[in-house]
Amino acid sequence: MRPIYLDHAASTPVHPEVAAVMLSIMTEQYGNASSVHAFGRAAKKTLNGARDSIAASLGCAPDEWIFTGGGTESDNLALFGAVSGREGGHIITTAIEHHAVLHACEQLEKEGFQITYVPVDGTGRVSPEDIASAIRDNTVLISVMMANNEVGTIQPIREIGAVARERGVLFHVDAVQALGSIPIKLSELPVDYMSFTAHKINGPQGIGGLYIRRGAPLHPRLFGGLQERGRRAGTESLAGAAGFAKAVELAVRGLEGRHAEALKLRSTLLDGLDAGIGKDAYHLNGNSGHGLTHIVNISFPGVQTDVMLMNLDMEGIAASSGSACTSGSLEISHVLKAMALPDKYLDSAIRFSSGLGNTTEEMELVSRKIETIMKRLRTKD
Ligand SMILES: Cc1ncc(COP(=O)(O)O)c(C=O)c1O
């Protein structure tokens with residue numbers, strides 16, 4: 001049996017068109033975009049072409065986009081870049097952010113900032129009213145993700161952004177998981193910074209981007225050359241940037257088709273589980289009305305997460321316990337904990353995330369394999 005990859009929220013296969021663009025650049029364009037000779041000028045043209053293309057796809061100006069080394073770097077650059085140089089201040093974020101934001105906030109706290117972690121409801125959704133009432137006179141920044149990577153819950157970004165604008169507070173959004181699933185037109189969003197990464201949308205690993213609204217402050221974190229208008233020093237990854245641009249183009253263009261496909265895969269899995277193990281044997285975590293369709297987070301009460309993951313792996317099915325960073329250590333997810341789920345759901349949650357290459361036949365097979373695993377584990381008890 002061909003292995004079944006259901007961990008697209010962790011990382012995705014590179015799209016063949018992206019790989020083709022990257023291969024041609026890696027083999028034909030080896031100049032440094034900062035060099036003044038013809039090779040350098042060609043590289044600069046490619047880099048600027050990638051920037052223009054992403055800006056057009058996402059609705060911002062090219063000078064509002066900088067390339068980074070990925071989502072983690074974009075989050076860190078936005079948070080530290082927005083507030084550095086201040087004598088402390090107050091920052092608002094949520095309890096369900098990715099560690100790239102949460103751990104950056106912990107560091108900012110050590111550097112003298114106060115942090116409020118706004119709670120979420122049982123579906124992982126934050127309320128704009130709770131954000132509004134957390135704002136203090138010295139609040140300098142709000143950071144809320146567009147969609148959660150573990151349960152897929154989509155946040156009310158427009159409403160939170162409107163509150164931030166009204167109160168004169170900078171607003172950062174981590175859109176790493178949302179890109180390609182939620183339409184994004186940056187010029188119409190009340191957002192000052194937005195983080196992205198290529199490897200969640202069938203682009204290469206190790207390249208990301210940060211949108212910085214014109215006029216929003218940004219203190220650099222890396223010092224060296226004057227690349228990215230002095231905002232992020234270091235030779236840009238030319239193949240990475242061009243591959244990212246192609247991936248964004250494909251992701252934005254194919255958004256509706258992919259949404260329909262993800263819906264089909266999701267319902268095939270859930271229908272299969274209903275028929276095989278029954279509705280009472282599992283619990284769907286997240287928000288069905290406001291959720292990313294390709295992320296299905298399911299608890300199987302009575303079967304510990306690591307046991308289920310190991311059994312799935314033995315059957316050739318790759319799923320996850322939540323974020324890739326925690327899946328190695330199998331700690332209980334901070335996202336599920338913040339949703340205040342009962343213990344029986346907390347310690348038995350599995351994230352299935354679908355994407356390029358998955359088929360309904362695979363989903364049918366996965367539901368049947370889960371049924372077999374559950375039966376096998378029950379007879380062992
Ligand atoms: C919501 C979110 N933010 C940030 C990141 C970090 O992105 P990267 O892996 O590109 O550093 C991830 C990756 O899982 C994510 O899901």
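Visitor: Is arginine 214 buried or exposed?

Guide: Exposed: arginine 214 has 54% relative accessibility. The general idea is that buried means under 20% relative accessible area, exposed means over 50%, and partly exposed is in between, with a 1.4 Å probe and protein chains only. Before we go on, this is a predicted model, where local features need pLDDT of at least 70, side-chain atom pairs count only at pLDDT 80 or more, and totals for chains, interfaces and linings use all residues. Residues are numbered from 1 along each chain as its sequence is written, and side-chain values use heavy atoms, with hydrogens and water left out.

Visitor: Which side chain does arginine 214 meet in a salt bridge?

Guide: A salt bridge here is a side-chain nitrogen of Lys or Arg within 4 Å of a carboxyl oxygen of Asp or Glu. Arginine 214 meets aspartate 63 that way, at 3.1 Å from N to O. Aspartate 63 sits in the loop between α2 and β2 and arginine 214 in the loop between β8 (208-212) and α7, so the bridge ties together parts 151 residues apart in sequence. Aspartate 63 is partly exposed, at 23% relative accessibility. As for those labels, helices (H or I, at least four residues) and strands (E, at least two) are DSSP runs, numbered from the N terminus.

Visitor: How many salt bridges does a search of the whole structure find?

Guide: It finds 15 salt bridges. One of them joins arginine 51 and glutamate 228, at 2.8 Å from N to O. Arginine 51 is in helix α2 (residues 38-58) and glutamate 228 in helix α7 (residues 227-230), so this pair ties together parts 177 residues apart in sequence. Both of these residues are buried. Then there's lysine 279 with aspartate 274, whose closest N and O atoms are 2.9 Å apart. Lysine 279 is exposed at 57%, while aspartate 274 is partly exposed at 24%. Salt bridges that share partners also join Glu17, Lys246, Glu249 and Arg253 into one network.

Visitor: Now the rings. How many aromatic pairs are there?

Guide: The search turns up 4 aromatic pairs. Rings of Phe, Tyr and Trp (its six-membered ring) pair if their centres lie within 6.5 Å; planes under 30 degrees apart are stacked, over 60 edge-to-face, and the rest tilted. Take tryptophan 65 and phenylalanine 244: they are tilted, 5.9 Å centre to centre with 55° between the planes. Tryptophan 65 belongs to strand β2 (residues 65-68) and phenylalanine 244 to helix α8 (residues 238-253), 179 residues apart. Tryptophan 65 is buried at 1% relative accessibility, and phenylalanine 244 is buried at 0%. Trp65, Phe67, Phe196 and Phe244 form one aromatic cluster.

Visitor: Which ring does the charged end of arginine 221 sit over?

Guide: That of phenylalanine 80, 4.0 Å from the ring centre. The test is NZ of Lys or CZ of Arg within 6 Å of the ring centre and within 35 degrees of the ring normal.

Visitor: What is the order of the open sheet of 3 strands?

Guide: Strands of a sheet pair through backbone hydrogen bonds, either parallel or antiparallel. To count as paired, two strands need at least two bridges between them in DSSP. Here the order is β9-β10-β12, with antiparallel pairing. The edge strands, β9 (283-285) and β12 (349-353), each pair on one side only. Strand β10 (residues 295-299) and β12 pair over 5 bridges, and isoleucine 298 has isoleucine 350 in β12 as its bridge partner.
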